Amino acid sequence: MMKSNYSILIMLCLILMGCYGDGDNSPTCTNQNSTDDHLVIYWGNKDEFIGAVAQVGGAVERIHGNIGVAKVSGLTDTSILNLKKRIKIIAIGRDVEVDWLRQRVDEPLQVDAMSSTRVLNHNEPTDAAFYNILQWNMRTIEAGTAWSIEQGEESVRVAIVDTGINANHIDLTGKCDASASINLTSDNPIDLDDDNGHGTQIAGIISTNNIFIAGLAPHATLINIKVLKQDGSGTFSDLIAGIMYAVDNAEADIINISFGSHFSSNYYECSNLFTSITALKKAIRYANCKGAFIAAAAGDGDETYLGINLDETTENIHMPSQIKGVLSVGATAPINQMGFDSLASYSNYGFSAVDVVAPGGNDLRLNGGFPDGLITSVVVIGFNNRYDVTYGTGIATAHASALAALISAQNDELLSPREIGMKIKNTADDIGEPGRDKQYGYGRINAHRAVTE
């Protein structure tokens, strides 16, 4: 993380970017999976807000004074009215829980204990056992030639905001900064294990020990920020807390959000969603202002995994990928190991939906799945050296975040989030219609070009 004093810049940035919104006149939301707690966007002093909440019988469970957002328990309709008399409330609504990840079955590749003999070799990325035979994704984006120039630096810190990371996997041992990692989904902040598998898969794309699989930024440091539960669900308040923790406590340079969900484009008519999404936007703007680059998945389509053209629908938006300040990443995939730059059938698309694309792997239900999926690490209980064949725009996003880590390292961590994003876009291979197009955005990322141009 750049070490300069950002305090004045942050305040100016928040004000100029509209972080302090107008009043809340939205009707009550009645059809969302809302929790008992409230998200409150307030204006004023943090301590005064905490005192006002206590006076009306509520309790502040979590507060982010730098953006004026708090999670509050114990509020009733009456106490909310009384709270508004005591302090300026910009928006208030119940915290919304979202199914951020879909549940699916990936294909396992089991590796026996003899793999442990490779751990002492400290391999180059191209020496990873699966690199030449299975990691078509890294070869497609010209990672091999990029690694001869840049492999990242430990000082570049990538926060994986997800389901956790099983850091005892043979390819991930020593990659995570355990002291900076946290579980925000429970009362036990040091329970960092991944009981879903998704976060560990993402880690395996970004930074590994190059034993069986090569990570794109093998020297980068990972930060495990767990905001999703075992079933892939999570609240807006936990996601917001994860972003804020990444920049305020963990000194993250890159924030990877390999999930998302579709919401009604009329969300502003619902007080719960309006408050939650507005608070999320404030957290993202704050993170950008503190120098953190953010990438998020463009989305894996509708209920049948068919990609949605988000330019043509008036009913759906995808969050957080369509929030300003986020690089939205779509997915490419081969079919029978041909046409590696084909748009994945599940990948959302549209000028408003996708900035760039990256390898995401094919839907494993098509053409037998393997080997058109992506090989990445995952741990299941009782078997610590497992690798899965998987797919998704979340997997594609991990490639973009890792590339951002390479770019940051090569430029001595002096580039702003916008400059990193522009570098990724400007060095992408234009694989669709000339110029930016609705399927591929600016193109498919190219690691070699990104570190040489």
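1. Two strands count as paired if DSSP finds at least two bridges between them. In this predicted model, 7 strands form an open sheet with parallel pairing, in the order β7-β8-β6-β10-β12-β14-β15. Strands β7 (182–183) and β15 are at the edges, each pairing on one side only.

2. Ala331 stands opposite Ala358 in β15.

3. Two helices deserve mention with this sheet. Helix α10 (residues 393–410) lies across β6 (157–162), β10 (254–257), β12 (293–297), β14 and β15, and runs at about 120° to β14. Helix α11 also packs on the sheet, where it touches β12, β14 and β15; the direction of α11 makes about 50° with that of β12.

4. A separate pairing involves strand β2 (residues 59–64) and β3, which are antiparallel over 5 bridges. Arg62 stands opposite Lys71 in β3. The hairpin of β2 and β3 has 4 residues between the strands, and Gly68 in this hairpin takes a positive phi near 65°.

5. The structure holds 11 salt bridges. One of them is formed by Lys71 and Asp37, with the closest N and O atoms 3.8 Å apart. Because Lys71 lies in strand β3 (residues 69–73) and Asp37 in strand β1 (residues 34–43), this pair ties together parts that are 34 residues apart in sequence. Lys71 and Asp37 are both buried.

6. Lys229 and Glu97 form another salt bridge, at 2.5 Å from N to O. Lys229 is in the loop between β8 (221–226) and β9 (233–235), whereas Glu97 is in strand β4 (residues 88–99), so the bridge ties together parts that are 132 residues apart in sequence. Lys229 has a relative accessibility of 36% and therefore counts as partly exposed.

7. A salt bridge also joins the side chains of Arg436 and Asp355, at 3.6 Å from N to O. It links distant parts of the chain, 81 residues apart: Arg436 belongs to the loop between α11 (417–426) and α12 (447–452), and Asp355 to the loop between β14 (327–332) and β15 (356–359). Arg436 has a relative accessible area of 33%, so this residue is partly exposed. Asp355, at 13% relative accessibility, counts as buried.

Note on methods: Residues numbered from 1 in each chain as written. Predicted model: local features only at pLDDT ≥ 70, side-chain atom pairs only at ≥ 80, totals over all residues. Heavy atoms only, no water. Salt bridge = Lys/Arg side-chain N within 4 Å of Asp/Glu carboxyl O. Buried < 20%, exposed > 50% of the residue type's maximum accessible area, 1.4 Å probe, protein only. Contact = heavy atoms within 4.5 Å. Axes fitted to C-alpha atoms, helices over the stretch in contact; angles between N-to-C directions.
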